[in-house]
Amino acid sequence: MPTTRNELTTWLGTCGDVQTISVSPVLGVDANFRLKRKNVSSDKVDPGLGDGWAYFVGEGEFKEFLRDHGNTGVQAPSTCSNHAAVNADRSGKGLAASGVGTVDCARHDGKRPTSVGDLQRGEKYSNMDYFFFSSIRNTPLIDIVVSYDIACQWSVKLWDRMKTYPHRLQVDSTGQKTFSFLIPKFHLPAHVMACQFTFSFNYNRYVGRTDGEALSAEMGPGSRRDTMDDHFGDWNWKKTSLMGMSLLRKIKVAVKERNDRRFLHNQFEAGLPDDDVKQWKIELDAWELDHSSPNPYERRFKKPTQDAIRRTLAAEEAESMKQGTAYVLHADVSAHMLITMGLDLEEQQWRLADDYSRLGQHATDDQRGQLQNRANVLRRKITAWIEIQHLYMPGLSTLRAQNPTEPPMAPDHSGIEQIPLYLPSAAPIILCDSRLHKFEWQLRCAQANDALDELRNSLRLRSYLYIDKDRFQRGQRANTRSRTIIQRIDRRVSVAAKKYTTAQAALLVLAPILKEADICNIYPKLQAKDIRGLSEADDNAARGGRISEGRRKLSWIWMRLGDVAQADNDAGLHDALRIEWCKSKARADRWSEEVELLREEMRRVCAFFESRAVEWERRAKYTHSVPNILGLVLPTELALIQGRIAYAMNQAAQFRVMGAHCQALWRFVDGYIQSEERALIPPELVEDSNDV
């Protein structure tokens, strides 16, 4: 969006329950590692024609800064995912620049002046700091939203690093200017859960439906900068000249989505207790103003893990031993320890089976030998465990003698992973003490919780690896290595899914025995279509393309709160309702903000075109001749002056036509917004929404 004439404007508007909307520029910081430059020529041989006059920073000052501060921004230990973009040693052999860093207008994909520069190796903090401060210095911007895919780490010490930089890069960060740091929507799924809310465009105010993304022949350094400046200028002009239809299409989508999200939120809120809604509004407002306040989007109901359940069972056993009621039939292995060991052996069995299934036809003797050794160790463990199991479940010895189900040994397959363990959920009910059923129930619930955590973590890591592969990995070698790593993560996803499926199947068997109800809602069946990341659409949506946070439907694995049967049901339900209400309100608010932001952007675009027309008319008015020493104006100079005047008037007319075109396109927009799409529908808006 052309903001140079309008960035001093402070505008506030109403938006549903949101009292004020502050229009702030969204600056997208990013890097592009495709724009490499080989180590040929030099600035002395091939200087730029306009060094620092357009989009690239001044080369001399930039290199001087790197000499003095190039090692200032060393990445501290990460509190988030391991973002390799910062310190990665990206194949810089034979390259003078491994890519470029940029600061863009993230709302409209426009390049900002003096905001682009070369990267040497990776996205070093010092390089990106220079581009950022160079972009915002000498600018009247007051409230600034900064979007960067590693903002959660980069912003932590940003102002401390700034204090060591030259005076020309100093920015008042504690006075009138305010900064908000967020993470682009496409990159957010790769971050830890704490970042999913604090740095999300979906859950922070006054950003509308901004996604925060910045788009990011062998030449000498000067020619390369000049060529890229030309491309950036052409890109900005295309965006400016097409602003009329672009904003019209956006407002069409925004009004419809605003109305839909408001209606759905109001319907949902109408069925909730008024006191709860009032309290949630207070909590949400407090968090939006200060992220150090309790986060209403986070789960406060903690699900039990396997380690926690084992510790609880051990404490209960110690207490029962004091009272002389402990269920212990073996000197070293108590009843709950028997079930715990059985679950571990079960997991080792199907992990071994998975490894055997991945063993190719041309596996080496060493690979086969390693699996055989694992199978032998597992066989000995199972044999020892079965002997203890028969003390607690003596009827199983007769069952095993009558039904020898262990598969025979094979040369290429141990068969050990198919030995039935007859845990309480798989054994006949008459052969098992009810206390063993209770022990397995508790441990299976915790096993299902842990499996879902492992599944979510693996999916989040896989999303990050896909992003890294798409953005940075080029060439067969790099892509092969990335695919190999992703395949390993896919195996972890499969193992976690198998673990949950096994636990859920056992719980379905145990539920009627222990008279536990609603198990299918607490632990739903995991299907293949449910195993997808935060940003991945379901099968139906995938056929129509990727959908955004405001429209997509999450898989239930990202919304399940844990085993509410293990704690107070009301507390768990209250937690779930609060989170869903906050997300529903955020969706409605972001679309409402988007409508108001687009209205203000339309006003600014018209003002921008008019200001440019006035500026060119002023240039035409004050273009005059300079007489020579004889007081005469040469014909050639007069022709040049007339040409300048004609060019300036042509530019003024062009901008006025562009402004009039936008006003004609948008003449129905205010009525369209106020009617909430129930009355007047302008002809410009009656077009296929797929064009948007």
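Colleague: How many helices and strands does the protein chain have? And what builds the largest nonpolar core?

Modeller: This is a predicted model, with local features needing pLDDT of at least 70, side-chain atom pairs pLDDT 80 or more, and totals for chains, interfaces and linings using all residues. Numbering starts from 1 along each chain as its sequence is written, and side-chain values use heavy atoms, without hydrogens or water.

The protein chain has 19 helices and seven strands (DSSP runs of at least four and at least two residues). Its largest nonpolar core has 38 residues (buried nonpolar residues joined through side-chain atoms within 4.5 Å; buried is under 20% relative accessible area, 1.4 Å probe). F132, F133, W154 and F179 have the most contacts inside this core.

α2 gives the most, with seven residues.

Now look at F132. Beyond neighbours within four places in sequence, F132 is in contact (heavy atoms within 4.5 Å) with L27, V29, V103, V146, W154, L158 and F179. Another core lies apart, with 31 residues, including V333, A375, I416 and I419.

Back to α2 and its partner α1. Their axes come within 10 Å and cross at roughly 140°. On the α1 side, E61, F62, F65, L66 and H69 take part. They meet S126, N127, Y130 and F131 in α2.

Terms used
Buried means under 20% relative accessible area, exposed over 50%, partly exposed in between (1.4 Å probe, protein chains only). Axes are lines fitted to C-alpha atoms, for helices over the stretch in contact, and angles run from 0 to 180 degrees between N-to-C directions.
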